[in-house]
Amino acid sequence: MPNRPDTAEAPTAAPLTNLTRSGGEMFAWSDRPGRESPLLDHLIVELGGPGRSVLVAGPHPAGLVAALAAGGAEVTWALRSGTDAEAAARAHPTITVRSGAFGKIDLTSGYDLVVAVDGLQRLNSAEGDQLSADDLLRRLAGAVRPDGTLVLMHDNQLGAHHTVRLDPGARFRDDAAWSAATADPASRAQLTSRLAGCGLTAATTYAAFPEPAAPAVLVGGETLGDVASPLRPWLGTVLAQAYTTAFRGRPVLADPRELVSRALRAGAEDTVAGGWLVIASAPGAAGLPRARPDVLAADVNGVYAIGADGPVTLSPAASPREVEGLRRVRVVRPVAGYRLEARLLELCAAADVRGLRQEITGYESWLGTGPISGPEALADLSDIAVTGDGPTVLSARWEPATALPAQIVLVRALWQFAVRLTTGGRPHPWPITASAADLAAILVGMAGRSLADEELRAAVDLQVTIDGAEFGLDRAGRQAHRLALRSVQPGSAPIDVAGYHQLAEALWRQRYQASHLLAMMEWTERIIQSRDAQLSRMDWELQLLRRGWGGRGLMLAKRAYKMVRK
């Protein structure tokens, strides 16, 4: 974004001895800093260390650079913006800042670690030669000394975050608007192949979700594309949560969770990933650790890895452990089975009421009748897998500090499923329902329970508390969220990620219902008119009969009969 330098304080400012100008700086421009990513920070800081020389290429979060310097590394930061470089030099006096076009920056000394997780797009300067993607890769690879490592994040132009993007005019606001993306590596295989041509070996590669700027899940190794992996149901849950957090309240063409879910079933998640993270090493880097977990993830609990022995915490979160009666907890159980929500959706589409009753009854029996504590109390139906031994929690991030009544837990889970059925336009056996609350009452009745209004309000309030802790909603945001949840009815758009496709579907449902109501009103009016005409005709015939002698005789006989009975 354009930014005019403040020249009023220039004569009195102290000289910046840690700033080197290489030429080609953009003095009237300031790049938007990258978003904080605990997952990337952990990986990069782990590769750094005391005495290691590190080159940070491009705009990155200042916290990452400060963490590298605090770990004892000798950090050099290359920026194309002159104003950004001056600000960075003042804020971090212990690091070396080099400003200018990336093609003019001196990189001959070599570095133990080269970090470019912001990608290639913002390395070129408008004031210098526009290097191609291959030239930029060669420059980065040339800066890696023997036994050194390159950490590169590359944007996937076919990723779900681009496919569902609905942001008119974004091209004119993009920091890399003048950079052509057609020559960039278009797949993970192309990226590793071009790095190999530059003399680097891709020791570890990951598919990053949901976006390359701030990934929450990294999938690599044998797990990537393996539809038979026991991690598959858990991946569906954790990726859905990651995309919900990333795209909540953002305009999109369609819900990205459906696209990623279909890709997971097809083993094509690498194709729709937000980007690819590559950890490549130069020849002679045999001493660096190469074996890394197949799956890395970050959530409200911190950064953790999924290995053969289960989850391993790598970096705990610094946020409070308890938030408004909820306690942070991490549950990761990769088991062989099917997700309960997916099974219920299939049964609803097939109008299999008997199968729905069996699944819901099994879930109700698993919950039990007593107060429920632990992650089972707050787990969604999408977080629950059904195995041969019964239901189990696949993934959980919260548990109640105090036990909750089993009725409220059951009502919240089934009501939330009813909301997803209603707002998603999913087919189900009860299409003529006034609201999600009515549909929830039917589902609760399948479990042999009744649903009271106060129980539904308590379930909605519990959901608002969970979403408030998950997404950091303030008081006004929680009240608006509560009102939106209570008013869900056929024709309502999704509450969390409202894509244009879902909005168009909701508009179609509203028009369909309006036309259906109008047709019912016309039919009712015709029936009323027909009955009025029949009643008028019968009344006319009755009055006609009463005027004649025969009618009068019948009336006298009727009165006499009544008197005799009395």
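These legends walk through several views of one predicted protein model.

Residues are numbered from 1 along each chain as its sequence is written, and side-chain values use heavy atoms, with hydrogens and water left out. Because the model is predicted, local features need pLDDT of at least 70 and side-chain atom pairs count only at pLDDT 80 or more, while totals for chains, interfaces and linings use all residues.

View 1. Helices (H or I, at least four residues) and strands (E, at least two) are DSSP runs, numbered from the N terminus. Along its principal axes, the C-alpha trace spans about 125 × 55 × 45 Å. Of the 566 residues, 46% count as buried, meaning under 20% relative accessible area with a 1.4 Å probe, protein chains only.

**View 2. Strand β9, a covered strand.** Take a look at residues 275-281: seven of the seven are buried, so β9 is largely enclosed by the rest of the structure. On one side sit G275, L277, I279 and S281, and on the other W276, V278 and A280. β9 pairs in the antiparallel sense with strand β6 (residues 144-155) over seven bridges; two strands pair if DSSP finds at least two bridges between them. Here L150 has A280 in β9 as its bridge partner. Strand β7 (residues 201-209) also pairs with β9 in the antiparallel sense, over seven bridges, and Y206 stands opposite L277.

**View 3. An open sheet of three strands.** The order is β15-β16-β17, with antiparallel pairing. The edge strands, β15 (338-339) and β17 (390-393), each pair on one side only. Helix α12 (residues 353-367) packs on the sheet, touching β15, β16 and β17. The direction of α12 makes about 65 degrees with that of β17.

**View 4. Helices α17 and α18.** The axes of α17 (residues 500-547) and α18 (residues 549-565) come within 4 Å and cross at roughly 90 degrees. Axes are lines fitted to C-alpha atoms, for helices over the stretch in contact, and angles run from 0 to 180 degrees between N-to-C directions. The two helices are therefore roughly perpendicular to each other (65 to 115 degrees). L545, R546 and R547 in α17 meet W549, G551, R552 and M555 in α18, where contact means heavy atoms within 4.5 Å.

Note on methods: Buried means under 20% relative accessible area, exposed over 50%, partly exposed in between (1.4 Å probe, protein chains only). Angles under 35 degrees count as roughly parallel, over 145 as roughly antiparallel, 65 to 115 as roughly perpendicular and the rest as oblique.
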